[in-house]
Amino acid sequence: AGSCRCRHDVVLFGMTAACSSCGLRVLFLDVDGVISARTPGKIESTKLKRLVAVCESTHAAVVVSSHWRLVPVQLQLLVRTLRLQGLDVIGVTPSRRPWDPHRPLEITDWLRAYNAAADAHAQPRVLFFAAVDDRPLLDEVGGGELLGHCVTTDKDEGLTEAAAAELKLALCRPIARPALLGGAPPADSTTG
């Protein structure tokens with residue numbers, strides 16, 4: 001995932017990423033029901049290959065939004081596995097209430113914070129993103145901000161070829177909501 005479409009390589013907070021003219025692409029990754037569907041706790045090679053192909057073709061970096069981020073052993077396994085496949089893992093989303101349906105808010109919190117930090121350090125902002133999850137994120141609190149950037153998988157099938165194709169398209173849609181590009185969140189970020 002090392003270079004953007006224009007082939008400019010830059011180092012962003014210690015990771016290779018896109019140049020400032022193209023912006024950064026980020027894929028928010030859930031694990032269970034996406035790359036671990038048939039065997040709980042195990043990453044499936046076919047689904048992992050699809051994920052790698054999506055990230056390579058779109059030059060997307062990965063941010064872990066899965067509950068796996070809350071269990072150190074699982075997070076270490078995931079990050080090591082993704083990095084062995086050549087993917088850039090640049091962070092994890094913050095946790096509001098882990099078992100409540102607030103994942104869209106965690107994603108938008110991460111986007112706002114990252115873009116504010118990028119501005120402060122004169123680094124490229126995230127201009128493109130997508131979230132892949134087996135949960136219906138658009139129906140959760142704050143899900144409206146993910147409209148056009150969210151791919152929902154079937155929990156038993158995971159990342160299929162069709163879902164991977166949809167994910168590629170979602171990663172090519174620029175962020176249309178200025179609030180996600182950085183700065184302070186809207187006055188009431190708890191409504192969806």
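Predicted model: local features only at pLDDT ≥ 70, side-chain atom pairs only at ≥ 80, totals over all residues.
Me: How many helices and strands does the protein chain have?

Reply: Start with the labels: helices (H or I, at least four residues) and strands (E, at least two) are DSSP runs, numbered from the N terminus. Here you get four helices and seven strands. Along the sequence they come as β-β-β-α-β-α-β-α-β-β-α.

Me: What share of the residues is buried?

Reply: Buried means under 20% relative accessible area, exposed means over 50%, and partly exposed is in between (1.4 Å probe, protein chains only). Of the 192 residues in the protein chain, 49% are buried. As for the surface, the chain exposes about 8,800 Å², and carbon and sulfur atoms supply 56% of that. Those areas come from the Shrake-Rupley method with a 1.4 Å probe; for residues, only the protein chains shown count as cover.

Me: And contacts: how many join residues at least 24 apart in sequence?

Reply: A contact means heavy atoms within 4.5 Å. Take the contacts between residues at least 6 apart in sequence: 69% of them join residues at least 24 apart.

Me: Now the sheet. In what order do the strands lie?

Reply: The general idea is that strands of a sheet pair through backbone hydrogen bonds, either parallel or antiparallel. In practice, two strands pair if DSSP finds at least two bridges between them. This chain has an open sheet of five strands, ordered E5-E4-E3-E6-E7, with parallel pairing. Strand E5 (89-92) and E7 stand at the edges with a single partner strand each, so one side of each has no neighbour in the sheet. From one strand to the next, the twist averages 25°.

Me: Can you zoom in on one pair, E3 and E4? How many bridges join them?

Reply: E3 and strand E4 (residues 60-64) pair in the parallel sense over five bridges. For example, Leu27 has Val62 in E4 as its bridge partner.

Me: Which strands does helix H2 touch?

Reply: Helix H2 (residues 72-84) packs on the sheet and touches E3, E4 and E5, with its direction at about 160° to that of E5. Helix H3 (residues 103-120) packs on the sheet too, touching E3, E4, E5 and E6, and its direction makes about 160° with that of E6. For such angles, axes are lines fitted to C-alpha atoms, for helices over the stretch in contact, and the angles run from 0 to 180 degrees between N-to-C directions.

Me: How do I check the span of H3?

Reply: The expected span of a helix is 1.5 Å times one less than its number of residues. With 18 residues, H3 should span 26 Å, and its end C-alpha atoms are 26 Å apart, which agrees.

Me: Where do the buried residues of a helix like H4 point?

Reply: An α-helix has 3.6 residues a turn, so residues three or four places apart point the same way. In helix H4 (residues 161-170), the buried ones are Ala163, Ala164, Leu167 and Ala170. Seen down the axis, they fall within an arc of 120°, so they line one face of the helix. That arc is taken from the directions from the helix axis to the C-beta atoms. On the other side, Glu161, Ala162 and Leu169 are exposed. The cover over the buried residues includes strand E3 (24-29), helix H1 (45-58), strand E6 (126-133) and strand E7 (150-152).

Key: Residues numbered from 1 in each chain as written. Heavy atoms only, no water.
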